[in-house]
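Please have a look at the sequence and the structure first.

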Amino acid sequence: MAVSTKYGYQSPAVTVATALPKSDDSSDVLIVGVISGDPDNPDAKTTVVAGEFLDAGAVAEIEAGCAALGAKGGADQVTRVVAPSLPFGSVLAVGLGKGRDEWPDDVVRRAAGTAARSLNGTEAVFTTLGELNLEATVEGLILGSYRFTEFRSAKTAPKDKGLRKITVLSKAKDAKKRAARAAAVGTAVATARDFVNTPPSHLYPAEFAKRAKALGQSVGLEVEILNRKALEEAGFGGIVGVGQGSARAPRLVRLIHRSGRADAKTVALVGKGITFDTGGISIKPAASMHHMTSDMGGAAAVIATVALAAQLELPIDVIATVPMAENMPSSTAQRPGDVLTQYGGTTVEVLNTDAEGRLILADAIVRACEDDPDYLIETSTLTGAQTVALGARIPGVMGSDEFRDRVARLSQAVGENGWPMPLPDELKEDLKSTVADLANVSSTRFAGMLVAGVYLREFVAEGVQWVHIDIAGPSYNTGGPWGYTPKGGTGVPARTMLAVLEDIAENG
Ligand code: BES
Ligand code: MN
Ligand code: ZN
């Protein structure tokens with residue numbers, strides 16, 4: 001299994017050690033988890049969790065340091081202490097909240113992420129958190145240490161290199177393999193974040209397609225790219241219509257992981273790749289328009305996930321279909337009232353050029369269904385209404401009832417927290433057009449997230465189990481960093497999609 005690729009994010013190296021190091025490098029940091037001794041007793045002392053690798057003296061030093069500084073072990077609280085008997089310059093105690101018999105993955109992942117985020121100027125860490133959960137620790141440390149510095153000149157570039165080396169203490173028999181897999185997952189999420197964080201000046205459809213191709217080829221994916229002429233000829237009216245206002249032509253990228261097994265399930269992935277969304281002629285207000293650099297978050301997560309499926313050699317076929325366009329106003333842009341023909345023949349009256357995502361996605365969904373997938377997972381920064389309904393951290397999951405609930409459950413299990421939402425049949429009435437088969441927006445303000453899902457449902461082939469995951473809020477963090485989530489691109493829902501792919505590989 002190839003773990004890192006030249007084209008993706010360069011994550012810190014991850015190694016497993018079965019004992020604390022002997023040498024004394026004062027710049028190294030040991031990360032340990034601590035809990036409040038007794039939530040009901042404010043005087044109870046903060047306690048080190050999972051101290052198998054530490055002797056009693058070291059544990060006493062850490063706990064005394066926490067007590068002296070008033071550290072209470074609250075979830076995600078970080079405290080730097082010294083433990084003179086240990087071969088580290090300092091120990092970072094990260095709070096895990098209350099003690100538990102079983103540790104939810106995301107409690108450990110968030111603590112590891114918070115710890116990594118708080119380490120400035122440290123290149124190498126050791127940690128005992130892996131005793132609670134090896135995978136969550138590695139993922140949390142990689143994701144928490146994520147940085148995006150490509151566009152900083154010497155004037156503001158960080159002076160340190162950031163975290164470069166993670167050593168997880170573990171005596172588990174398969175620890176190496178598990179750590180390598182977690183590192184691949186963390187790296188894939190970071191790669192998705194890099195795509196999202198790359199500004200629209202530098203990431204436009206042709207360039208995005210080029211990078212997707214390079215990443216895909218580096219892990220052995222088959223790659224097909226349709227340019228504007230090919231899209232026009234094949235009748236991709238949605239992608240062409242949305243892209244026609246921009247001097248930067250649209251693309252449709254297909255990345256294919258073949259398992260080589262005759263009985264393998266086929267999963268289609270579709271991700272919205274609007275490299276910038278001005279709204280087009282139905283232009284958006286200026287205030288937050290720059291956030292629309294993130295309107296390709298679905299595409300970013302899909303591309304990273306299909307590449308990861310190949311790296312992990314998942315025994316299923318995964319076919320990503322990724323439409324890419326820039327939504328701009330110009331004299332060549334589509335107008336409100338234009339009618340276009342989606343790939344497959346459905347005609348659409350474009351009443352609002354800012355409802356562009358569904359137009360490029362409908363084409364992509366019809367194309368994806370030509371491969372006869374068993375399942376289809378589509379994800380997109382589709383509606384502001386998602387953030388109104390569910391906020392900035394919870395993706396809305398819509399689609400076939402059973403598959404929708406399965407995807408939402410798996411999303412919650414990996415800490416991305418997708419929540420099931422309905423697609424009421426009556427909303428289709430709102431998408432009636434006086435001139436075409438459909439209108440691209442409803443005339444009411446009701447249930448905007450669900451209306452978009454109902455629009456997409458029209459294009460899914462009979463018999464395909466499908467979901468639409470609206471990530472308008474969760475894929476791009478406009479607030480402060482928390483846990484393993486930085487400001488900017490988050491990589492959501494790459495880990496949800498991986499969990500679904502693995503579940504399908506295992507259970508069909
Ligand atoms: N890309 C936006 C949705 C969006 C909004 C993503 C905020 C992230 C944060 C999408 O293309 C859009 O503009 N949707 C419209 C749909 C409306 C015109 C029916 C919206 O949500 O306002
Ligand atoms: Mn829009
Ligand atoms: Zn958009």
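Two residues are in contact here when heavy atoms of theirs lie within 4.5 Å of each other. Keep in mind that you are looking at a predicted model.

Find Lys284 first: it sits in the loop that runs between strand E11 (273–277) and helix H8 (297–311). Leaving aside neighbours within four places in sequence, Lys284 is in contact with Asp277, Thr278, Gly279, Met289, Met292 and Asp354. Lys284 counts as partly exposed because its relative accessible area is 22%, which falls between the 20% and 50% cut-offs.

Now move on to Arg358, which belongs to helix H9 (residues 357–369). Is this residue buried or exposed? Arg358 is buried, because its relative accessibility is 8% and the cut-off for buried is under 20%. Not counting residues up to four places away in sequence, Arg358 touches several others, among them Gln342, Leu382, Asn440 and Tyr455.

Next, turn to ligand 1. Around it are 15 residues, of which Lys284, Asp295, Asp354, Glu356 and Gly384 come nearest. The shell holds 4 nonpolar, 4 polar and 7 charged residues.

Let's zoom in on some atoms. The side chain of Asp277 has an N or O atom 2.9 Å from an oxygen atom of ligand 1. At Gly384, a polar backbone atom is 2.7 Å from an oxygen atom of the ligand. Taken alone, ligand 1 exposes 520 Å², and the protein buries 74% of that.

Definitions and conventions: Residues are numbered from 1 along each chain as its sequence is written. Chains are lettered from A and ligands numbered from 1 in the order in which they are written. This is a predicted model: local features need pLDDT of at least 70, side-chain atom pairs count only at pLDDT 80 or more; totals for chains, interfaces and linings use all residues. Side-chain values use heavy atoms; hydrogens and water are left out. Helices (H or I, at least four residues) and strands (E, at least two) are DSSP runs, numbered from the N terminus. Buried means under 20% relative accessible area, exposed over 50%, partly exposed in between (1.4 Å probe, protein chains only). A residue is near a molecule or strand if one of its heavy atoms lies within 4 Å of it. A polar contact is a pair of N or O atoms within 3.5 Å; within protein, one must be able to donate a hydrogen and the other to accept it, and residues adjacent in sequence count only if both atoms are side-chain atoms. Accessible areas come from the Shrake-Rupley method with a 1.4 Å probe; for residues, only the protein chains shown count as cover. Ala, Val, Leu, Ile, Met, Phe, Trp, Tyr, Cys and Pro count as nonpolar, Asp, Glu, Lys and Arg as charged, and the others, Gly among them, as polar.
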